[in-house]
Amino acid sequence: MTIEIDDSGTGDLVGDAFIGFLRQETGEMLFKALSVELFKDDNWKNKEPYKMTVDLVKEGLKELKFDKKTEKVLMCRGNIFDQVREYFNDVGIKCEDAIIEGKLQDAVEDRLVEHLRNDLGVRSKKLTNKSGAKRYFVLFNWVSYDFFKREKYVKSGFKKWNTIWRERAIERYEESRANRNRKKRY
């Protein structure tokens, strides 16, 4: 028997991130959340998301009644799982790095998009379950539109947020606010 493990949102600009688990043979699936707070300030500097990922993987495997003697794990190659790999080596869990595609990847990305839409209020029709630059800019524009209310959802521990993107978001906020005020006058 095999369990797949994948993540979503760990590299996205805003919101929580998710770890998804799939038992291939039965289709049983579950998700665990990494709070956006783990990706900020000292939590980020102290690698808390990585440590919490180990705890969440332990919980997920326990809930799925994983048996390390007879089962193996296929795990996404992403760096959020670096400490999980170390843990697996230490305790003798058979694990292969894998490109996770299909059912689990779609489901964990859908879980992220559901969170962004329902919990944070991202309404853009351009928001999809495909990670990458397009989604980054959808989220960046969303933050920029109401910057001072939405910055709390940003994974502000990311270096480029503080060195480049935060200032650009404020500029964009001020431009859009000026444009909205101009439209109100006419």
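**View 1. A cluster of aromatic rings in the predicted model.** Phe 39, Trp 44, Tyr 50 and Phe 158 are joined into a cluster by ring pairs, in a model that is predicted. In total, the count of aromatic pairs comes to 15. A pair of aromatic rings is described by the distance of the centres and the angle of the planes. For Phe 39 and Phe 158 the ring centres lie 6.3 Å apart and the planes stand at 85°, so this pair is edge-to-face, given that planes over 60 degrees apart are classed that way.

**View 2. The setting of Phe 39 and Phe 158.** The pair connects distant parts of the chain, the two residues being 119 residues apart. Phe 39 sits in the loop between strand E3 and helix H1 (41-45), while Phe 158 belongs to the loop between helix H6 (147-150) and helix H7 (159-185). Phe 39 has a relative accessibility of 1% and therefore counts as buried; Phe 158, at 19%, also counts as buried, because the cut-off for that class is under 20%.

**View 3. The largest nonpolar core.** This core holds 30 residues, of which Ile 5, Val 57, Leu 61, Phe 81 and Phe 88 touch the most other members. At least two core residues are supplied by each of strand E1 (2-8), strand E2 (17-23), strand E3 (29-34), helix H2 (48-63), strand E4 (72-76) and helix H3 (82-91). Among these elements, H2 gives the most, contributing 5 residues.

View 4. When residues up to four places away in sequence are not counted, Phe 88 touches Ile 5, Val 57, Leu 61, Val 73, Met 75, Ile 93 and Cys 95.

**View 5. The largest pocket and its lining.** Rolling a probe the size of a water molecule over the atoms shows where empty space is left. The largest pocket contains about 230 Å³ of space. It is lined by 18 residues, and those closest to its centre are Asp 6, Asp 7, Cys 76, Glu 109 and Ser 131. E1 and helix H4 (103-120) each supply at least two residues of this lining, with the largest share, 3 residues, coming from E1. By residue class, the lining of the largest pocket divides into 5 nonpolar, 8 polar and 5 charged residues.

Notes. Residues are numbered from 1 along each chain as its sequence is written. This is a predicted model: local features need pLDDT of at least 70, side-chain atom pairs count only at pLDDT 80 or more; totals for chains, interfaces and linings use all residues. Side-chain values use heavy atoms; hydrogens and water are left out. A nonpolar core is a set of buried Ala, Val, Leu, Ile, Met, Phe, Trp, Tyr and Cys residues joined through side-chain atoms within 4.5 Å. Buried means under 20% relative accessible area, exposed over 50%, partly exposed in between (1.4 Å probe, protein chains only). Helices (H or I, at least four residues) and strands (E, at least two) are DSSP runs, numbered from the N terminus. Contact means heavy atoms within 4.5 Å. On a 1 Å grid over the protein atoms alone, a cavity is a set of points where a 1.4 Å probe fits but cannot get out, and a pocket is an open set with protein on both sides within 12 Å along at least five of seven lines; lining residues have an atom within 4 Å of a point. Grid points are joined across faces, edges and corners, and a volume is the space filled by probe spheres set on the points. Ala, Val, Leu, Ile, Met, Phe, Trp, Tyr, Cys and Pro count as nonpolar, Asp, Glu, Lys and Arg as charged, and the others, Gly among them, as polar. Rings of Phe, Tyr and Trp (its six-membered ring) pair if their centres lie within 6.5 Å; planes under 30 degrees apart count as stacked, over 60 as edge-to-face and the rest as tilted.
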